[in-house]
Structures are given as C-alpha cells and as structure tokens.
Amino acid sequence: MNGSQRESVGKKATKALRNAGQVPCVLYGGDKPVHFAAQELDFSNLVYTPNAHTVVITLENGETYNAILQ
C-alpha cells in the first residue's frame, strides 16, 4: 500500500482528504504515531473481508512499515 505522510491532522484537513478520495490513516507503535493518507481503492480488498491482513505501507519519503490492518 502506498501513502503520503500528512502534516495537518485536524477536521478540515481530514474532510478534504476524504473528498479527494483518500483515507486518513494513523499507524501506532514505535516512538510516535505516523499520520498518513492512502487511496480509498487500496482498501477495498482488505476491509470488505472477514480476514485480518498484514500490509506493507510505503510512504513517499521511502520509509516502509509492516502493519496489521484493523
């Protein structure tokens, strides 16, 4: 899953992301939470199933994270 790191995390910024077809996300764990946004279509095969999924999240700055989608 590809994403871009978010700078602003308020209600207005989140609403603007959703209107643009993106999903605001937070990755917990480690030193501090990582706020990022990903395309809505990337989640269609992951969310609408009864199974748990592990994903590799790659941000624009080259950082990668292994995560469990909840």
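Contact is taken here as heavy atoms within 4.5 Å. The model is predicted, so that local features need pLDDT of at least 70 and side-chain atom pairs count only at pLDDT 80 or more, whereas totals for chains, interfaces and linings use all residues. Residues are numbered from 1 along each chain as its sequence is written, and side-chain values use heavy atoms, with hydrogens and water left out.

Leaving aside neighbours within four places in sequence, Phe43 is in contact with Met1, Val23, Cys25, Ala38 and Leu69. Phe43 also belongs to the largest nonpolar core, which has 11 residues, including Cys25, Val34, Ala38, Val55 and Ala67; such a core is a set of buried Ala, Val, Leu, Ile, Met, Phe, Trp, Tyr and Cys residues joined through side-chain atoms within 4.5 Å, where buried means under 20% relative accessible area (1.4 Å probe, protein chains only). At least two residues of this core come from each of strands S2 (22-27), S3 (34-39) and S4 (54-59), strands being DSSP runs of E with at least two residues and helices runs of H or I with at least four, numbered from the N terminus.

The five strands form an open sheet of mixed pairing in the order S2-S3-S1-S4-S5, two strands being paired if DSSP finds at least two bridges between them. S2 and S5 (64-68) are the edge strands, each pairing on one side only. S2 and S3 run antiparallel and are joined by six bridges, with Pro24 opposite Ala37 in S3.

Thr14, in helix H1 (residues 11-19), is buried at a relative accessible area of 12% and, not counting residues up to four places away in sequence, touches Arg6, Val9 and Pro24.

Conventions
Buried < 20%, exposed > 50% of the residue type's maximum accessible area, 1.4 Å probe, protein only.
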